[in-house]
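This briefing concerns the structure shown below, with attention to its nonpolar packing and its sheet. The points are grouped by topic.

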Amino acid sequence: MPVKILMVCLGNICRSPLAEGILASKLPNDKFFVDSAGTGSWHIGHAPDNRSITTAKKNGLNIANQKGRQFSKTDFDTFDYIFVMDNTNYRDVIHLANNEIQKEKVQLILNSIFPDENVDVPDPYYGVANGFDMVYQMLDEACDVIAQRLIAKHSE
């Protein structure tokens, strides 16, 4: 049974689809499953933002077939690890947790490279022109560390 990892942002069209694609590209897909979700419901069933798709494509990844979905309480049971993009997402997800075991699954993604600093991945949706590239680089660096840790922890 594969280890399941969920990436979470606000709308599931910018940051979490990139994080899903990046981490999935760094892990063996027979041992790991990566998905993404948003805390909000605005983009359920939608493809990622075209700027995320373009940024991923420039970096050799295809995220165009992903479909937005909303985070749900059942995700705590389905997923082994839940990485959130910012402190607001963290609070929103933790608020839905029923117990400490569920809360322990939730981590800020950039804490993998900035331990205990609780740094947000900025939402590039309304940001600067190169915002998606900057977010990609942050997520790529974080996912390198996460992938190494997951492979080390879950290799037989």
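In this predicted model, Met 7 touches residues from several stretches of the sequence, among them Ser 16, Ala 19, Glu 20 and Leu 23. Further contacts of Met 7 include Val 34, Asp 35, Ser 36 and Ala 37, as well as Phe 83, Met 85, Ile 109 and Cys 143, with residues up to four places away in sequence not counted.

**Nonpolar cores**

- Met 7 is also one of the residues that touch the most other members of the largest nonpolar core, together with Ile 5, Leu 23, Ile 109 and Leu 139; this core holds 30 residues.
- At least two residues each are supplied to this core by E1, helix H1 (15–26), E2, helix H2 (50–58), E3 and H6.
- H6 provides the largest share, eight residues.
- In soluble globular proteins, nonpolar side chains tend to be buried together.

**Sheet**

- Four strands form an open sheet in the order E2-E1-E3-E4, and their pairing is parallel.
- Strand E2 (32–38) and strand E4 (106–108) are the edge strands, each pairing on one side only.
- On average, neighbouring strands are turned by 25° against each other, direction ignored.
- Seven bridges join strand E1 (residues 3–9) to E2 in the parallel sense, and Cys 9 stands opposite Gly 38 in E2.

**Helices across the sheet**

- Helix H4 (residues 87–96) lies across E1, strand E3 (81–84) and E4, and runs at about 170° to E4.
- Helix H6 (residues 131–154) lies across E1, E2 and E3, at about 170° to E3.

Key: Residues are numbered from 1 along each chain as its sequence is written. This is a predicted model: local features need pLDDT of at least 70, side-chain atom pairs count only at pLDDT 80 or more; totals for chains, interfaces and linings use all residues. Side-chain values use heavy atoms; hydrogens and water are left out. Two strands pair if DSSP finds at least two bridges between them. Axes are lines fitted to C-alpha atoms, for helices over the stretch in contact, and angles run from 0 to 180 degrees between N-to-C directions. Contact means heavy atoms within 4.5 Å. A nonpolar core is a set of buried Ala, Val, Leu, Ile, Met, Phe, Trp, Tyr and Cys residues joined through side-chain atoms within 4.5 Å. Buried means under 20% relative accessible area, exposed over 50%, partly exposed in between (1.4 Å probe, protein chains only).
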